[in-house]
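I opened this notebook to record what I looked up in one structure. The entries follow the order in which I worked.

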There are 2 protein chains.
Amino acid sequence: MGVRERRAREKRYLRQEILDAASELFVKDGFENVSMRRIADRIEYSPTTIYLYFKDKAELLESICYETFSKLSQRLSRIMDQPGDPIERLKRGLITYIEFGLENPHHYRSTFMMPIPEEFDPEKYAKPDSPGMQAFDFMRRCVYDCIAQGKFKIKDAELASQTLWAGIHGITSLLITHGHFPWVGREKVVQSTVDTMVAGLVAGGK
Amino acid sequence: MGVRERRAREKRYLRQEILDAASELFVKDGFENVSMRRIADRIEYSPTTIYLYFKDKAELLESICYETFSKLSQRLSRIMDQPGDPIERLKRGLITYIEFGLENPHHYRSTFMMPIPEEFDPEKYAKPDSPGMQAFDFMRRCVYDCIAQGKFKIKDAELASQTLWAGIHGITSLLITHGHFPWVGREKVVQSTVDTMVAGLVAGGK
DNA sequence: GCCCGTATGTTAACAGCGTTAAGTTAGTGA
DNA sequence: TCACTAACTTAACGCTGTTAACATACGGGC
């Protein structure tokens, strides 16, 4: 009587096929250039079939970003588990975040650069443990370590974390959207951003 | 024989009327929620009329952003002309930039957060003196002053400017797209970002 | 063994979008 | 008066995300 199981398996399989097709187009062309019809073409189903597996386009592409950002979480967790100077650890984590964003510009854009906040939707913000926010948590824990060890002049870990996030998000998103700007050099400005932010926390702003 | 002139005047008038209508919708709903047809409705012309005055939607909304960002340039130029400690001047400029972005989220988004870089289009990047870039120039000049007066450990003014830009862009864009995030406080994190970046430049990264 | 209900997928359509080609109208200059 | 041009409109193309209505096939209960 494994019929139910076979069906469920097939269903999972098609769901994954949709995800794969969508992901491929998404990586190549980005959110606004992937249409439900193009995805459907690729898997040789009708466009409406997709709606049996995903509520709408946003949810579909959100799933893709979720998968991808999980990899960032893994990378960060490996770094954070290592011993040694928390400041060096923090810097490596920040660089990893930035590099991840540059490797996955469309995912990064969809996750962190897309909508202007519509009305507050508790549904969405009740789950702050999305992989994106998980990445933020890794950083926050590392900042706690730095403060605990007296490395920072600033004592408010939350404030310090948010400040750092601003910095790394800034350079990541600018390099994504303004790749043609006459940067002094991608690596150079990435490194400078990280070094400057951390130095600022060490020295204490004001 | 002032007919030509009257016609030209009327033409300018309608152009401005389009800009005003578009701007109003734009401020309210943002780029992707303003349609040519909605603009046309508002001024009681047919949608195609707009194309007699603007090449396409992008150019129309670019004009709007241009106008708005000119105001930022003005604000910044007033600040930069004042005497006194260049670091204080710089900080005031950075804060002004951020506040401007938060006051005009849709303009800011369209100008600095929108496209993934398509193929290099020299047409667009031959004019780096757009108001957006003008704002950047103000900051750069101020950074030069700081370095000239030996206030910064970092000596590369271009690198320092780009690093600062990353920081202020980061907090501006995050507050725009993630207004619901549990920030420790908007003003607080803005101030912290500016202070931390500047302190980092003063102390010298590494 | 038949029938019903459900799961799965399709077709057709709606309402919108940016944009273009073709057509209309009014008014000026010759 | 005629021809030309500038200003504007109508109609259409080819997209978009999404929904409602319809088709089909298949397993469970009688």
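**Entry 1: conventions.** I noted that this is a predicted model, in which local features need pLDDT of at least 70 and side-chain atom pairs count only at pLDDT 80 or more, while totals for chains, interfaces and linings use all residues. Residues are numbered from 1 along each chain as its sequence is written, and chains are lettered from A and ligands numbered from 1 in the order in which they are written.

**Entry 2: the two copies.** The same surface serves both copies, as 100% of the contact residues of chain B recur in chain A.

**Entry 3: where the chains touch.** I counted a contact where C-beta atoms, placed from the backbone, lie within 7 Å. On this basis, 44 residues of chain B are in contact with 44 residues of chain A. On the side of chain B that touches chain A, the elements giving two or more residues are α5 (105-112), α8 (157-177) and α9 (186-203) of chain B. Helices here are DSSP runs (H or I, at least four residues), numbered from the N terminus. α8(B) gives the most, with 14 residues.

Entry 4: I took a residue as near a strand if its C-beta atom, placed from the backbone, lies within 6 Å of it. DNA strand D is surrounded by 19 residues, the closest being A:S35, A:D56, A:K57, B:S46 and B:T49. Two or more residues of that surface come from each of α2 (36-43) of chain A and α1 (3-29) of chain B. Around DNA strand C there are 18 residues, of which A:S46, A:T49, B:S35, B:D56 and B:K57 come nearest. For DNA strand C, α1 (3-29) of chain A and α2 (36-43) of chain B each supply at least two residues.

**Entry 5: a helix pair.** I fitted axes to C-alpha atoms over the stretch in contact, with angles running from 0 to 180 degrees between N-to-C directions. Helix α4 (residues 86-103) and helix α8 (residues 157-177) of chain A pack at about 30°, with their axes 9 Å apart. That makes α4(A) roughly parallel to α8(A), a term for angles under 35 degrees. Among the residues that meet are A:L94 and A:Y97 in α4(A) and A:L164 and A:I168 in α8(A).

Terms used:
Two residues are in contact if their C-beta atoms, placed from the backbone, lie within 7 Å. Angles under 35 degrees count as roughly parallel, over 145 as roughly antiparallel, 65 to 115 as roughly perpendicular and the rest as oblique.
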